[in-house]
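Me: I would like a close look at a single part of this model. Please keep the explanation plain and define the terms as you go.

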Amino acid sequence: MTTMIIGGGLSGLALADMLETAGQDYILLEARDRFGGRIMTEHHGVGYFDMGPAWFWPGQPRIAALIQRLGLEKFDQFSDGILTFEDERGNVERGRGFASMQGSWRLKGGLAALTQTLADRLPDARKQLNAQVVSLDKNAAGVVAVLTNGDTIRADRVVLALPPRVAAEIKFTPALPDQTITSMRSIATWMAGQAKAVAVYDTPFWHNGGLSGDAMSRTGPMVEVHDASPADGGPYALFGFIGVPPQGRADEQMLRQHLLAQLGRLFGPQATDPAKLYVKDWAFDPQTSTAADQAPLHAHPTYGLTRAMVGLWDDTLHFGGTEVAPQFGGYIEGALEAAENVLARLKVNDTRDTNAN
């Protein structure tokens with residue numbers, strides 16, 4: 001039985017790795033030209049800078065076990081030093097607040113080291129990039145996916161390992177129940193409305209001034225800033241979450257000017273001249289965000305599978321992205337939780353010959 005996994009982010013990669021380990025037949029399709037989904041790491045010199053999720057925490061057993069199994073290494077988020085606060089008038093104070101990410105972990109090489117290691121473990125014949133699915137057709141022979149280039153791929157069952165709102169854009173034949181589509185569109189895509197900036201420097205000059213790199217601002221455009229330097233050595237970096245709504249940050253050139261001006265207010269004139277300034281706006285990434293995701297999230301949504309999203313197409317259509325994880329939905333731990341849960345629903349048996357020499 002062949003399983004088609006649509007979405008090559010952490011959920012899809014983890015599920016593919018589980019199926020590979022169990023000796024199962026599968027194909028992994030990813031619309032982008034890279035694997036990883038919302039996990040995306042930029043590299044400048046030997047430095048690595050996460051433009052999507054960057055942290056994981058104690059109490060998240062799946063990600064900890066996977067990192068250990070793959071031989072990767074975590075390190076503590078830097079938080080030593082004085083904090084910075086900017087009020088609504090742009091006045092800057094020092095030593096106020098607390099290091100909000102103290103106690104969190106990051107991954108050496110960036111989180112893309114995790115997704116790329118998983119992707120590299122999969123045989124080339126089992127994975128395909130630039131493979132955006134535009135329609136799924138269930139017939140007596142199974143399920144047929146049609147790609148944007150007109151190619152077709154057949155499987156016995158399908159796992160949608162991507163945000164439900166993005167999955168709702170696929171044409172389904174026979175059509176899914178209205179209640180199912182409504183449920184899919186009602187699940188907010190975690191991080192979809194976010195934008196992130198990373199400023200890279202040759203020296204960690206803020207450390208020399210006793211600053212941790214942590215800052216909170218009521219002026220913006222960044223509302224929250226943290227040290228994003230690698231575990232050892234440089235280049236060094238500061239990153240921030242951009243609090244301006246998507247409609248107000250569409251002009252990236254102007255946004256960059258405001259970002260540099262704010263960095264100068266928070267950390268001094270050296271901060272206005274980074275070696276590199278990365279900006280990633282997930283709200284305008286069509287593989288992550290839909291029009292419904294343009295509205296900002298003010299709290300962590302309640303995630304998990306709704307009843308209308310279970311048992312579809314005679315139990316041959318399943319959901320497996322982080323947004324359907326009931327305990328850690330939205331987090332990278334949730335991506336692994338969702339992969340585990342859908343594996344159980346697939347009722348996979350290990351088909352490897354355990355008696356082979």
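How many of the 5 residues of strand β6 (residues 82–86) are buried?

Reply: This is a predicted model, in which local features need pLDDT of at least 70 and side-chain atom pairs count only at pLDDT 80 or more, while totals for chains, interfaces and linings use all residues. Residues are numbered from 1 along each chain as its sequence is written, and side-chain values use heavy atoms, with hydrogens and water left out.

In strand β6, 4 of the 5 residues are buried, so the strand is largely enclosed by the rest of the structure. Buried means under 20% relative accessible area, exposed means over 50%, and partly exposed lies in between (1.4 Å probe, protein chains only). Strands are DSSP runs of E with at least two residues, helices are runs of H or I with at least four, and both are numbered from the N terminus.

β6 has strand β16 (residues 211–217) as a parallel partner, with 4 bridges between them. Two strands pair if DSSP finds at least two bridges between them. Within this pairing, Ala 215 of β16 lies opposite Thr 84.

β6 is also joined to strand β7 (residues 92–94), by 3 bridges, and these two run antiparallel. Here Val 92 of β7 is the residue opposite Glu 86. β6 and β7 make a hairpin with 5 residues between them. In the turn, Gly 90 has a positive phi of about 85 degrees.

Another part of the model can be set beside this one. An open sheet of 5 strands has the order β9-β2-β1-β13-β20, with parallel pairing. Its edges are β9 (127–128) and β20 (317–319), each with a single partner strand, so one side of each is left without a neighbour in the sheet. Inside that order, strand β1 (residues 2–6) and strand β2 (residues 25–29) run parallel and are joined by 5 bridges. Thr 3 has Tyr 26 in β2 as its bridge partner.

Helices pack against each other too. The axes of helix α2 (residues 61–69) and helix α8 (residues 332–346) come within 8 Å and cross at roughly 85 degrees. Axes are lines fitted to C-alpha atoms, for helices over the stretch in contact, and angles run from 0 to 180 degrees between N-to-C directions. α2 and α8 are therefore roughly perpendicular to each other. Angles of 65 to 115 degrees count as roughly perpendicular, under 35 as roughly parallel, over 145 as roughly antiparallel, and the rest as oblique.
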